[in-house]
Amino acid sequence: MDMAIANCSAEHPFGGALDSFYGTCANATIPLWKTGTHVEGFVPGAIVAQVLSFSSTVVEVPGTGVGLYTGDWPAILEVLVVMHMGLLVLAVLAVIAFGVRTSKKLTSAIQTALVCALAFGLTFAPFGVFAFYGPLRSRLTNFAMSLVIVLGFFRLIELAFRTGPKGFDISAGRFVVYMASPVEVLFDDKGGIQKAQRALVWECFRSLLGHVAVFLCALSAGKATAFTPFLSQGTDPTSMPLLGFPFVLPAVYLQTICLYTQLTIAMQTYRFLLALMGIEAHTPMRQPMLFSSSVRDFWGRRWNLLIHRLMHRSFFVPLASKIGPRAGAISAFIVSGLFHEYMWLVTNYWEEGYKVGMPLAFFAAQIVICTIEVISRRSALGAAARSLPAVVQTALTTLAILPFGPLFLQGLLVGGFFADCARVWPSAAIAAGWA
């Protein structure tokens with residue numbers, strides 16, 4: 001079938017919608033890097049320039065009303081380059097930190113202090129990038145950079161206090177693999193890197209296909225509604241009474257699905273690549289949106305288990321042994337709130353609408369909900385809740401978390417993260433839905 005290729009323009013049914021959603025046509029006005037140069041002048045050479053000319057365009061299937069948006073290729077390249085440069089920096093820091101931690105010339109206290117200094121120094125890296133380059137092309141790049149920094153920070157803390165998984169610091173090479181991996185490499189009982197079973201490759205591949213399909217659906221719905229279905233475009237739920245409850249729930253659920261699938265796709269991609277090399281890595285997510293039986297189950301056994309394991313080893317376990325498990329759990333939630341504050345700050349560094357303190361308030365609310373769950377566990381109400389069908393338990397869990405979702409997502413919605421998702425990633429849409 002012949003395909004017609006259309007640039008983003010007001011005359012084209014898809015292009016006009018892109019203009020209304022992004023403000024201006026991406027291919028014409030969005031600058032590259034800090035110089036303000038545009039796609040057509042980005043790379044010398046007619047062939048590469050010709051290829052890049054298809055970035056941020058719509059491929060329409062004649063007679064169907066269906067358009068395939070090609071995505072912002074330079075922005076995708078920027079995300080990948082910056083993220084992998086960040087992982088390279090983590091590998092270099094791993095060598096340095098391991099040398100410090102194993103130095104026979106330094107006392108244990110000095111070793112710990114120096115490695116901690118490296119960890120806290122790492123958190124300033126994004127601001128150095130911003131000072132040197134200025135605003136980057138996409139907020140997704142800021143988000144990816146902040147995630148790499150957070151992983152590096154906590155893994156250095158694990159090295160400093162030796163709280164990491166068994167075998168992670170047996171050698172410099174082992175720690176480099178652990179430190180620079182976007183997922184958590186799995187170690188066996190002897191501390192060796194566990195070999196992946198061949199079935200894991202197919203498992204990761206199926207997971208990727210499923211999550212990509214869900215992400216594309218969420219992205220299409222987000223484009224059609226500016227990620228705020230049943231709300232006026234540009235609405236900030238945190239400025240509404242009761243955080244917009246209940247009218248905001250569809251928007252919060254859509255935004256959560258978009259964020260969840262992107263994180264899962266990214267981490268499962270690396271897990272898939274490691275499996276191809278025969279290295280097994282921990283599962284990053286366990287279907288938190290479909291199978292969570294309680295709020296504690298959501299946070300403790302399903303959502304972002306990469307971060308959960310870091311929090312559990314470095315904060316919950318050490319503190320629980322000294323001040324009790326409840327205090328340890330509260331401390332882990334507070335640290336989660338603080339590092340999300342950091343991530344949202346980096347993501348929205350150039351944005352004026354970002355409100356500091358929202359992620360911390362969200363995790364404070366989760367502390368309260370989890371405490372209520374623990375208290376009511378042995379009551380008749382708790383027993384009744386556990387006897388409900390699994391699908392009802394998941395629905396109730398969702399309804400317990402979502403009303404506070406605007407606190408967590410405000411920095412991504414108002415800061416333009418979700419709008420950037422729609423601009424950067426390839427997707428499909430029906431022309432009538434863009435009018």
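Select Ser294, in the loop between helix 11 and helix 12; helices are DSSP runs of H or I with at least four residues, numbered from the N terminus. Ser294 is buried, with a relative accessible area of 17%; buried means under 20% relative accessible area, exposed over 50% and partly exposed in between, with a 1.4 Å probe and protein chains only. Leaving aside its neighbours within four places in sequence, Ser294 is in contact with Glu373 and Thr397, where contact means heavy atoms within 4.5 Å.

This is a predicted model, in which local features need pLDDT of at least 70 and side-chain atom pairs count only at pLDDT 80 or more, while totals for chains, interfaces and linings use all residues. Residues are numbered from 1 along each chain as its sequence is written, and side-chain values use heavy atoms, with hydrogens and water left out.

**Helix 12 against helix 17**

Next, select helix 12 (295-302) and helix 17 (390-401). Their axes come within 8 Å and cross at roughly 90 degrees; the axes are lines fitted to C-alpha atoms, for helices over the stretch in contact, and angles run from 0 to 180 degrees between N-to-C directions. Helix 12 is therefore roughly perpendicular to helix 17, a label that covers 65 to 115 degrees, with under 35 counted as roughly parallel, over 145 as roughly antiparallel and the rest as oblique. Display the side chains of Val295, Phe298 and Trp299 on helix 12, and of Thr397, Ala400 and Ile401 on helix 17, which make the contact. By class, this contact has five nonpolar residues, one polar and no charged. Ala, Val, Leu, Ile, Met, Phe, Trp, Tyr, Cys and Pro count as nonpolar, Asp, Glu, Lys and Arg as charged, and the others, Gly among them, as polar.

**The cavities**

The structure holds five cavities of 30 Å³ or more. On a 1 Å grid over the protein atoms alone, a cavity is a set of points where a 1.4 Å probe fits but cannot get out, and a pocket is an open set with protein on both sides within 12 Å along at least five of seven lines; lining residues have an atom within 4 Å of a point. Grid points are joined across faces, edges and corners, and a volume is the space filled by probe spheres set on the points.

The largest cavity has a volume of about 200 Å³. To centre the view on it, select Thr256, Phe298, Phe362, Ile401 and Leu402, which lie nearest its centre among 16 lining residues. Helix 10 (249-276), helix 11 (288-291), helix 12, helix 17 and helix 18 (405-413) are the elements that give two or more residues to this lining. The lining divides into 12 nonpolar, four polar and no charged residues.

The second largest cavity has a volume of about 100 Å³. Its lining includes Phe143, Leu147, Trp303, Asn304, His340 and Phe408. Helix 7 (139-161), helix 10 and helix 14 (325-347) each give two or more residues to the lining of the second largest cavity. Which helix gives the most to this lining? Helix 14 does, with four residues. The classes here are 10 nonpolar, two polar and no charged.

**The largest pocket**

The largest pocket has a volume of about 800 Å³. Select Gly300, His308, Phe316, Ala329 and Phe333, the closest to its centre of the 25 residues that line it. Helix 12, helix 13, helix 14 and helix 15 (358-376) give two or more residues to the lining of the pocket, and helix 14 gives the most, with nine. By class, the lining of the largest pocket has 15 nonpolar, seven polar and three charged residues.

**Leu306**

Within helix 13 (residues 305-323), select Leu306. Leu306 is buried, with a relative accessible area of 4%. Apart from its neighbours within four places in sequence, Leu306 is in contact with residues including Leu151, Arg155, Glu184 and Met267. The C-alpha atoms of Leu306 and Met267 are separated by 9.3 Å, the two residues being 39 apart along the chain.

**Backbone stops**

Most residues other than glycine have a negative phi, and most peptide bonds are trans. In the loop between helix 9 (198-225) and helix 10, select Pro246. The peptide bond from Phe245 to Pro246 is cis, with omega near 0 degrees. Leu243 is found in the loop between helix 9 and helix 10, and its phi is positive, near 55 degrees. Leu243 counts as buried, at 17% relative accessibility.

Finish at Gln287, in the loop between helix 10 and helix 11. Phi of Gln287 is also positive, near 45 degrees. Gln287 is partly exposed, with a relative accessible area of 30%.
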